[in-house]
Amino acid sequence: MPSVIEFRNVWHSYDGEHFVLEDISFSVGPGEMTVILGGSGSGKSTILRLTLGLIRPDEGEILIQGQEITSLTEQELLKVRRKIGIVFQSGALFDSLSVYENVAYRLREEGWPEDRIEEEVMRQLAFIDFKGDVHALPGELSGGMRRAVAIARAMVGGPEILLFDEPTAGLDPPTARTLCELAAKYRDLQGVSSIFVTHRMDDVRFLSSILYTRTAAGEIVALHREDDAFSLINTRFLILRHHRIYFSGTEEQLRRSEDPYVREFIGALEEIEEQEVFEELMLE
Ligand SMILES: Nc1ncnc2c1ncn2[C@@H]1O[C@H](COP(=O)(O)OP(=O)(O)OP(=O)(O)O)[C@@H](O)[C@H]1O
Ligand SMILES: [Mg+2]
């Protein structure tokens, strides 16, 4: 299958002296998610900036839906960015615009007709299960709902690619969980290709243990790891360490790895109590 996002031997330095990414290669296929883990400063956000064409690599190729983007003009890059929805940590919404207008924003910029805007905004709000008043201001919503609306805003117009940069940082556990559920639903039900950057083990645990499917009747069901039919082949995990990809594999490979460093990650995966060990690893 052709990849939707592909990095081929990408090197990047900000100062022309020290590489923050060295020889990074990975690809994300249609409907696949790549979860990127790594300590602070390991280059996770840099990978997202490169994917958006906000910065250019020193070496290597980056392909978005088969198109090499590292030598495109700014004008051409704008077109590429339209295919990509972004959810950042702050999940910023415009405070002075209603929920509806926040979600509609990108479509208005792109000059969509009003009736299609309404249809698309309501479709996205239904997908995030928004049941409140669409004319409410973000300040009137719960923190979790604000984050969900930020995802709806990123997804409006149906971009085929979604980038998450530590979207759960600073959220309470139930809200973080809601956000991960949504990310998994876009992955499993909408066929969106995504990169999910996090350093929260709760996110990893959640994203690697749930798979949404639709029944023949169209009902959405969630499968969990203990269910027989569970097989998470659409999600891969990358661990960045010392500027390189230290581990790349499926949930199963992550779990079975005998590498001591990876095992410490898995320890942290399996034991909530080991969160502190993990945080120490992240500071390495
Ligand atoms: N604009 C910049 N100019 C110079 N150096 C930068 C710039 N942005 C990032 N860096 C450096 O590049 C390295 C990688 O940064 P990056 O933001 O990709 O890390 P990260 O993995 O996202 O970290 P965090 O978990 O803290 O968000 C860091 O050492 C950082 O200091
Ligand atoms: Mg970052």
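Visitor: What covers the buried residues of α5 in this structure?

Guide: The cover includes β6 (84-88), α3, α4, β7 and α6. Note that this is a predicted model.

Visitor: Why is α5 called largely enclosed by the rest of the structure?

Guide: The count decides it: 10 of the 13 residues of α5 are buried, so the helix is largely enclosed by the rest of the structure. The buried residues are Met145, Arg147, Ala148, Val149, Ala150, Ile151, Ala152, Arg153, Ala154 and Met155.

Visitor: What makes valine 149 a buried residue?

Guide: Valine 149 has 25 other C-beta atoms within 10 Å. A residue is buried at 20 or more, so valine 149 qualifies. Valine 149 lies in helix α5.

Visitor: Which residues does valine 149 touch, leaving out those up to four places away in sequence?

Guide: They are Leu93, Val99, Asn102, Val103, Phe130, Pro138 and Leu141. Asparagine 102 is 47 residues from valine 149 along the chain, and their C-alpha atoms are separated by 8.2 Å. The 8.2 Å is a C-alpha separation, whereas contact is judged on C-beta atoms within 7 Å.

Visitor: What does the corresponding check give for α4?

Guide: Helix α4 (residues 114-127) has 14 residues and reaches 20 Å from its first C-alpha to its last, close to the 20 Å expected.

Visitor: What puts the buried residues of α4 on the same side of the helix?

Guide: The buried residues are Ile117, Val121, Gln124 and Leu125. They cover an arc of only 100 degrees around the axis, which puts them on the same side of α4. The general rule behind such patterns is that an α-helix has 3.6 residues a turn, so residues three or four places apart point the same way. The buried residues of α4 pack against α3 (99-109) and α5 (143-155).

Visitor: Which residues are exposed on the other side of α4?

Guide: Asp115, Arg116, Glu119 and Ala126 are exposed there.

Visitor: Why is alanine 136 called partly exposed?

Guide: Alanine 136 has 15 other C-beta atoms within 10 Å. Buried needs 20 or more and exposed needs 12 or fewer, so alanine 136 falls in between and is partly exposed. Alanine 136 sits in the loop between α4 and α5. Beyond its neighbours within four places in sequence, alanine 136 is in contact with Ser98, Val99 and Leu141. Serine 98 is 38 residues away in sequence, with 5.3 Å between the C-alpha atoms.

Visitor: What makes asparagine 9 exposed?

Guide: Asparagine 9 has 12 other C-beta atoms within 10 Å. The limit is 12 or fewer, so asparagine 9 counts as exposed. Asparagine 9 belongs to strand β1 (residues 5-13).

Visitor: Why is the phi of asparagine 9 worth a remark?

Guide: Most residues other than glycine have a negative phi. The phi of asparagine 9 is positive, near 50 degrees. Aspartate 23 has a positive phi near 55 degrees, and aspartate 23 is in strand β2 (residues 19-28). Just after α4, aspartate 129 takes a positive phi of about 65 degrees.

Visitor: How do you know that the buried residues of α1 line one face of the helix?

Guide: Those residues are Lys44, Thr46, Ile47, Leu50 and Thr51. Seen down the axis of α1, they fall within an arc of 165 degrees, so they line one face.

Visitor: What surrounds ligand 1?

Guide: The shell is Tyr14, Val20, Gly38, Ser40, Gly41, Ser42, Gly43, Lys44, Ser45 and Thr46. Helix α1 (residues 44-51) gives the largest share of the shell, 3 residues. By class there are 2 nonpolar, 7 polar and 1 charged residues; Gly counts as polar here.

Methods: Residues numbered from 1 in each chain as written. Chains lettered and ligands numbered in written order. Predicted model: local features only at pLDDT ≥ 70, side-chain atom pairs only at ≥ 80, totals over all residues. Near = placed C-beta within 6 Å. Helix = DSSP H or I, 4+ residues; strand = E, 2+ residues; numbered from the N terminus. Expected span 1.5 Å × (residues − 1). Arc of directions from axis to C-beta. Contact = placed C-beta atoms within 7 Å.
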